[in-house]
Each structure stands twice: as C-alpha cells, then as structure tokens.
Amino acid sequence: MTKTEAEVGLVDYPTSLSPSRASDFMTCPLLFRFRSIDRLPQDPSPAALRGTMVHRALELLFDLPPEARTLGAANALLEQTWVELSAADPQSAAVLQAELSLKPEAPAAEVAAAVIAPAAIYLDTYFALENPQRLEPHEREFGVAVEIADNFTIRGFIDRVDRTPAGDIRIVDYKTGRAPTAKYQDKAMFQMRFYALAWWRLTGVVPKMLQLIYLGSNNMIRYEPSQSDLEATEAKILALRLAINESANSGIFAPTTSKLCDWCSFRALCPAWGGTPPALPPVSLWIAPPIPDGLAT
Ligand code: SF4
C-alpha cells in the first residue's frame with residue numbers, strides 16, 4: 001500500500017530531490033546511497049567533462065548578439081571553457097589530457113586543439129539541429145527549487161527555457177550522448193517532466209513543449225506535456241520520496257544489478273559484486289546540501 005505524506009518515517013529524509021538523484025534511486029537504491037548519503041567521490045569521466053564544456057559553450061553562445069552566434073564563435077567559446085577548466089580544475093583537465101595520451105610537456109596550444117576536437121563535433125551537430133541566431137532564450141542554466149510538499153523540495157538546473165511571444169514555454173536539455181531507443185524514451189523524458197513540474201509549480205504555466213537535443217546522435221525527442229502528466233509526475237516523485245524514506249529508516253538500500261553496473265564507480269563496494277559497503281554515516285550527515293545561491297524559488 002502506498003504510504004501517505006503523514007507516514008514519512010522518523011528520519012526526515014530526503015528533504016530535496018533532483019532528477020539525477022531520483023533516477024539513481026530508480027536505477028539502483030544502493031547507487032543512490034553511495035552518491036547521496038555516503039557522498040563517495042567519483043572520478044570525472046572524459047565524456048562527462050566534455051559534456052560540461054559543451055554545455056558551457058552553448059550557454060555562453062547566447063550572450064552574443066544573434067548575428068555573432070556562429071559555429072566559429074561557438075568553437076572559440078569551447079576553447080575558452082578549456083582554458084577555464086584547466087585553471088579552475090587541473091585534476092579534471094588532466095583526465096582529458098590522459099585520455100589522449102598527451103605528454104605533460106606538450107605545448108598548451110597543441111593540448112587545447114587535441115582536447116577540443118572531440119567536443120567540437122557536438123557543436124557541429126548542434127548547428128545542424130538548431131539555428132541559434134533565430135533563438136532568444138528566456139532562461140539559460142536556470143536553477144530552480146520548488147517545495148512540493150512539507151519540507152520537500154524538487155530542484156535542478158534547466159539548460160534552456162524558450163518562450164514564444166504568445167507566452168508558450170519550451171524546456172530544452174542538451175545531451176552529448178545518443179538518443180535512447182523508443183523503449184527507453186519515456187525514462188529519458190522523466191527528467192524533462194520533472195523540470196516541467198518545477199516550472200509549473202514555480203510560475204503556474206504548464207510548458208507547451210519538452211525537447212531533448214541529442215548531440216551524440218544528431219536528433220531530438222519532443223513531448224507535449226499536459227497538466228495531468230505533471231500531476232502524475234508529482235505523485236511519482238512523492239512516492240519515490242516515501243520509498244527513499246523507507247530505505248533511510250530501515251538502512252536498507254538494495255543493490256539492483258543491470259547493464260549500468262559495468263560503468264558503476266562503486267562496484268568494488270557493492271555486495272552484488274562481492275564487495276562490502278562502508279557503514280552508513282550518522283544521520284546528521286545525511287542532510288541535503290544547501291540550495292546553491294541563484295536558484296529561483
Ligand atoms: S554495481 Fe550495480 S548494483 Fe552495485 S551499486 Fe553499482 S549500479 Fe548498483
């Protein structure tokens with residue numbers, strides 16, 4: 001039987017949820033625990049770092065006047081993101097360099113060109129899918145946090161929000177991976193419904209369109225949500241909160257094996273693969289991280 005709000009257990013956890021953490025729990029509760037409760041460090045992957053650079057370049061692209069939003073300008077911004085990353089996070093920059101077997105003493109310009117080349121392919125694809133000179137985003141990298149139940153907030157960062165002159169809202173997310181097959185598209189769209197729910201609760205407007213742009217496979221997935229879709233998403237998130245709460249109160253975060261185990265950073269600690277998880281940290285350390293500055297509430 002589904003628990004009601006009043007039945008959330010003694011440990012008031014979680015107090016917030018993002019689409020990524022919700023997806024972690026749905027994929028594997030133990031993965032959720034390792035990331036959200038133990039907060040175990042994870043080595044950044046080259047693919048994720050390239051994704052971050054591409055997202056940043058596309059965000060900055062819209063700072064330029066429309067006529068200046070060319071592929072050449074986007075590539076220059078990508079180079080700028082590499083310079084920023086190298087200065088702010090040398091460890092992550094080293095991960096990208098190591099992937100390419102670049103010698104530490106290689107000239108900076110040579111390193112930049114080599115690191116940027118695989119990421120620049122995503123920008124080529126972006127320009128094949130959209131013309132940024134004809135877009136004027138309403139929001140970019142929009143941080144949102146909305147309380148949808150007592151002491152429970154949904155939060156996240158939306159890559160882009162477009163608004164037509166008539167006020168229609170389109171929520172856009174860039175992916176540097178490949179589009180999922182039809183069987184998994186609904187799962188991929190969960191993140192977008194999550195954002196649409198947050199937007200609706202924040203502004204009172206149900207977005208007209210949700211759009212996933214797959215830069216790894218040169219296509220898009222679109223969906224027009226209805227209010228009842230978003231109500232169903234809210235019910236699903238609240239049910240998820242209760243399921244996480246049950247795990248938190250029982251201390252049981254069951255491993256769920258799947259193909260994703262092959263890429264899981266925590267496999268050595270996973271009992272499904274012969275490992276032993278660390279003891280659960282004290283509950284006082286589980287508290288959700290503070291909402292970063294700049295989030296719309
Ligand atoms: S290895 Fe698989 S089952 Fe274990 S925590 Fe990771 S995703 Fe879950």
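Reader: In which strand does Glu 141 lie?

Author: In this predicted model, Glu 141 lies in strand 2, which covers residues 139-149. Glu 141 also has a positive phi of about 45 degrees, although it is not a glycine.

Reader: Why is Glu 141 called partly exposed?

Author: A residue is called buried if 20 or more other C-beta atoms lie within 10 Å of its own, and exposed if there are 12 or fewer. Glu 141 has 14 C-beta neighbours inside 10 Å, and therefore it counts as partly exposed.

Reader: What makes Asn 151 count as exposed, and where does Asn 151 lie?

Author: Asn 151 has 10 C-beta neighbours inside 10 Å, and because the cut-off for an exposed residue is 12 or fewer, Asn 151 counts as exposed. Asn 151 lies in the loop between strand 2 and strand 3, the latter being residues 152-163, and Asn 151 has a positive phi of about 55 degrees although it is not a glycine.

Reader: How do you know that the span of helix 6 agrees with its number of residues?

Author: Helix 6 runs over residues 108-129 and has 22 residues, which at 1.5 Å a residue should span 32 Å; the end C-alpha atoms of helix 6 are 32 Å apart, so the two values agree.

Reader: Where does the kink in helix 6 lie?

Author: The kink, of about 45 degrees, lies at Ala 117, shortly before the proline Pro 118.

Reader: Which residues of helix 6 are buried, and what covers them?

Author: The buried residues are Val 115, Ile 116, Ala 119, Ala 120, Tyr 122, Leu 123 and Tyr 126. What covers these buried residues of helix 6 includes helix 3 (46-61), helix 4 (71-88) and helix 5 (90-99).

Reader: What makes the peptide bond from Tyr 13 to Pro 14 cis?

Author: The omega of this bond, from Tyr 13 to Pro 14, is near 0 degrees, and the bond is cis. Pro 14 lies in the segment before strand 1, which is residues 16-17.

Reader: How many helices and strands are there in the protein, and why is the protein called as compact as a globular protein of its length?

Author: There are eight helices and six strands in the protein. The radius of gyration of the protein is 21 Å, close to the 19 Å that the globule rule gives for 297 residues, and so the protein is as compact as a globular protein of that length. Buried residues make up 30% of the 297 residues, and the C-alpha atoms fill a box of roughly 55 × 55 × 35 Å along the principal axes.

Key: Residues numbered from 1 in each chain as written. Predicted model: local features only at pLDDT ≥ 70, side-chain atom pairs only at ≥ 80, totals over all residues. Helix = DSSP H or I, 4+ residues; strand = E, 2+ residues; numbered from the N terminus. Expected span 1.5 Å × (residues − 1). Bend = angle between axes of the 7 residues up to and from the residue. Contact = placed C-beta atoms within 7 Å. Rg over C-alpha atoms; globule rule 2.2 N^0.38 Å.
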